[in-house]
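Good morning, and thank you for coming. I would like to take you through one structure today; please have it open on your screens.

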Amino acid sequence: MDAKILIESFAEFARSKNVDRPTMIRILEDVFRAMIRKKYETDENFDVIINADKGDLEIVRIRQIVDDNSEDIWDHDKISLAEAKKIEPDFEIGEETYEKIELEDFGRRAVMMARQTLIQRIKDLEKDLLFQQYEELVSEIITAEVYQILGREILLMDAEGNELIMPKSEQIPKDRFRKGDTVRAIVHKVEMINGNPRIILSRTSPIFLERLFENEVPEVYDGLITIKKIVREPGDRAKVAVESYDDRIDPVGACVGMKGSRIHAVVRELQNENIDVINYTDNLDLYVSRALSPAKVTSLQVNEEAKRISVYLKPDQVSLAIGKGGFNIRLASRLVGYEIDVFRELSGYEDEEDVDLSEFSDEIESWVLEELKKTGLDTAKSVLALTKEDLLRRTELEEETIADIFKILKQEFE
């Protein structure tokens, strides 16, 4: 393979991969200089001139002529007068020789290896460019097409044919994809594993929901409304705290839209995820009350040291505060950054007949009593004010154990 064919085929391949001309020339020169170093141990006294458009290559070895008996005769950039005269009879000591080296001089095997190296360099460059391209897109929404569905992940293709991955953990549980489906997701993270970029997409990230709001709500996109925090149970429920820097703009109303027009588009994309949009406030009591919506809080107590909040509600509001599957209270706790404990309000009578839990140590095992006390329950009536579901959520006790506790405590007041 001569230089012209080698360079032209490489240039065509490089252009098909959208490699710019300066980078292409740099790669060519690097590979040819590597060949020179392998054969001559150094490339310091060589000029490499490449014209990728015409497929021209010129490698020139430059050496200074020294006396045949000079000690420098063995230096890489020196040549004896006798050797120089073989190139040009008129040469004299002190002049420089410019000797053209043909590609064939390196041997067929070296040329074939150079061809493979050039192709590999382009492929590596392509991977680096892909990594850089998607690293800049992290946390941004992209659209891709499903082309293979595997057990633990789905593989997608972007518009340029690059492979993207969405693991099962980053899919909404209700997502059901088929080959050829168009999917919207954010670029979650980009990794380089064994030299290959791995681009991971996500539909469960709170940032995905934030980007959807930016797309649907111009005030959010323009920065007039700020999303302070988002918490999600993907596919089931989400809570979004928003704040407006313009007193004339109602942030909740703007996000929801006329008759829910704006938020409906977001809900549909998230497989009918129930989204609560609430007004952010620095007033913790008010923030907690809003976070527990639709339940109405009667009163609450904040324990800053333990980062816990005890919330008291009327009996008919407790199930609303906890929500189906406990989603509402879990999300509210994450939104405000405190562990929220829900209590029924024991209004209408005094608790002087209440009994300390330690009085039941003969009937209830000590570790069970400790588990109850960990959640702030230290009297019989404080336990009976809760449902079995409340205790299952707030403690690590089994359902059978909780049933026995209720039976023992109720007998005390019968």
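First, the conventions. This is a predicted model, in which local features need pLDDT of at least 70 and side-chain atom pairs count only at pLDDT 80 or more, whereas totals for chains, interfaces and linings use all residues. Residues are numbered from 1 along each chain as its sequence is written, and side-chain values use heavy atoms, with hydrogens and water left out. Helices (H or I, at least four residues) and strands (E, at least two) are DSSP runs numbered from the N terminus.

Let me begin with an open sheet of three strands, ordered β10-β11-β12, with mixed pairing; two strands pair if DSSP finds at least two bridges between them. Its edge strands are β10 (225-233) and β12 (274-279), each of which pairs on one side only. Strand β11 (residues 237-244) runs parallel to β12, joined by six bridges.

Which aromatic rings pair? A search of the whole structure finds four aromatic pairs, taking rings of Phe, Tyr and Trp (its six-membered ring) with centres within 6.5 Å; planes under 30 degrees apart count as stacked, over 60 as edge-to-face and the rest as tilted. The rings of Tyr-40 and Phe-46 have centres 5.0 Å apart and planes at 40°, so this pair is tilted. For Tyr-312 and Phe-343 the values are 5.2 Å and 25°, so that pair is stacked. Since Tyr-312 lies in β14 and Phe-343 in β15, the pair ties together parts 31 residues apart in sequence. Tyr-312 is partly exposed, with a relative accessible area of 24%, whereas Phe-343, at 9%, counts as buried (buried is under 20%, exposed over 50%, partly exposed in between, with a 1.4 Å probe and protein chains only).

Finally, helix α4 (residues 108-135) has 28 residues, which at 1.5 Å a residue should span 40 Å; its end C-alpha atoms are 41 Å apart, which agrees. The expected span is 1.5 Å times one less than the number of residues.
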